[in-house]
Amino acid sequence: MTENPRDHGGGLDAAAACYGGMRGDWLDLSTGINPVPYPVGEITQNAWTALPDRAAHDRLIHAARAFWHVPEGAEIVPAHGASALIAAMPHVLRAQSVAIPTPTYNEHAAAFRAQGVPVLDGAADLRVLVHPNNPDGKLWDAGDLRGPAVIDESFCDVCPAQSHVDLASRGDTVVMKSFGKFWGLAGLRLGFAITTPDIAAKIRVEIGPWAASGPALEIGARALRDTAWADATRARLTTDAARLDALMAKAGAKVVGGTTLFRLYDVGDAALWQDRLAKGHVWSRIFPYSDRWLRLGLPAPHQWAQLEAAL
């Protein structure tokens, strides 16, 4: 199967239509979403039936500030997913040109191009860096972040010591966080922009009121306070990523990067490997810019046997 240049993981319905089987028969490793999600527990009736109130919003902000060690002078803006914030950045920052090193997550460039902003390889008014990068896991150091920048830390909760959230109080920087990846709750649609008050105010205007749902506010605050779960999850992801690397190496793949939420392999012929895995109802990620790279997320604990069989 070929992918659209503005490609994403997922698309399991299309994979099932091509290779057969019901959706429940498939192991979807095409995304970097934690396969063992945060246990959300009971959600109050009010979270579902009332418009989100200020108190619920403030509880989430307080938990986020503590969890990510947000510096004084920076504000936190929750939104309905990091994708909503990515789409808002061209309107908020008004850059005349943007530099986005590739390969990387394609939605940033797509958002700026949609507004007629040139996306350049070299010097530009604004730089966008995905940290750790998707798909190769590259970490950017502070020297890469001089000047106006958007730092997409959607996958940085697996390596919090590497975060550049301290730069969020700088007058020209936006740090983005995604709740769906590390906590495994992508369907909740919750993301965060961390930045200075003046940029935060512009983001709020752009995304409008009630930008996070009542359930998202409640679950997000609960999860961000649960540091024991986060610590245990990082340990499990590290163990499982090493297990996946060993399994893929045995099958002939070479590790070329990734994070503990997804691994990137050189497999020689990515389309052939995707086809091979799909015949075993395992969906993987390939890329339009490389015919050798295959990316896999991690199986849930009960799904390893299906991957091993497909390999």
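Let me begin with a charge and a ring: Arg 295 lies over the face of Phe 262, at 5.1 Å from the ring centre. Please bear in mind throughout that this is a predicted model.

Tyr 19 and Trp 283 are both buried.

How are the rings of Trp 68 and Trp 183 arranged? Their centres are 6.4 Å apart and their planes stand at 85 degrees, so the pair is edge-to-face; the cut-off for that class is over 60 degrees. Trp 68 lies in helix α3 (residues 54-68), while Trp 183 lies in the loop between β7 (173-178) and β8 (191-195), so the pair ties together parts 115 residues apart in sequence. Both of these tryptophans, Trp 68 and Trp 183, are buried. They also belong to a cluster linked by ring pairs, which includes Tyr 38, Phe 67, Phe 179, Phe 182, Phe 192 and Trp 229.

Phe 182 leads us to Thr 233, which touches both Phe 182 and Asn 34, leaving aside residues up to four places away in sequence. Thr 233 is located in helix α8 (residues 227-250). Is Thr 233 buried or exposed? Its relative accessibility is 4%, so Thr 233 counts as buried. From Thr 233 to Gly 220 there are 13 residues in sequence and 16 Å in space, C-alpha to C-alpha.

Next, the packing of helices. The axes of α3 and helix α7 (residues 214-225) come within 8 Å and cross at roughly 30 degrees. That angle makes α3 roughly parallel to α7. The crossing of α3 past α7 is left-handed. Among the residues that meet here are Phe 67 and Trp 68 in α3, and Gly 220 and Leu 224 in α7.

For helix α4 (residues 82-93) and helix α5 (residues 107-114), the axes come within 9 Å and cross at roughly 40 degrees. These two helices, α4 and α5, are therefore oblique to each other, and their crossing is right-handed. The contact involves Ile 86, Ala 87, Met 89 and Pro 90 of α4, together with Glu 107, His 108, Ala 111 and Phe 112 of α5.

I close with the backbone. Where are there cis peptide bonds? One runs from Thr 102 to Pro 103, with omega near 0 degrees, and Pro 103 is in the loop between β3 (98-99) and α5. Another runs from His 131 to Pro 132, with omega near -5 degrees, and Pro 132 is in the loop between β5 (126-130) and β6 (149-152).

Finally, two residues other than glycine have positive phi values: Arg 189, near 55 degrees, and His 281, near 60 degrees. Arg 189 is in the loop between β7 and β8 and is partly exposed, with a relative accessible area of 37%. His 281 is in the loop between α9 (270-278) and β11.

Technical notes: Residues numbered from 1 in each chain as written. Predicted model: local features only at pLDDT ≥ 70, side-chain atom pairs only at ≥ 80, totals over all residues. Heavy atoms only, no water. Buried < 20%, exposed > 50% of the residue type's maximum accessible area, 1.4 Å probe, protein only. Phe/Tyr/Trp six-rings, centres within 6.5 Å; stacked < 30°, edge-to-face > 60°. Helix = DSSP H or I, 4+ residues; strand = E, 2+ residues; numbered from the N terminus. Lys NZ or Arg CZ within 6 Å of the ring centre and 35° of its normal. Axes fitted to C-alpha atoms, helices over the stretch in contact; angles between N-to-C directions. Parallel < 35°, antiparallel > 145°, perpendicular 65-115°, else oblique. Left-handed = near helix turned anticlockwise from the far one by under 90°. Contact = heavy atoms within 4.5 Å.
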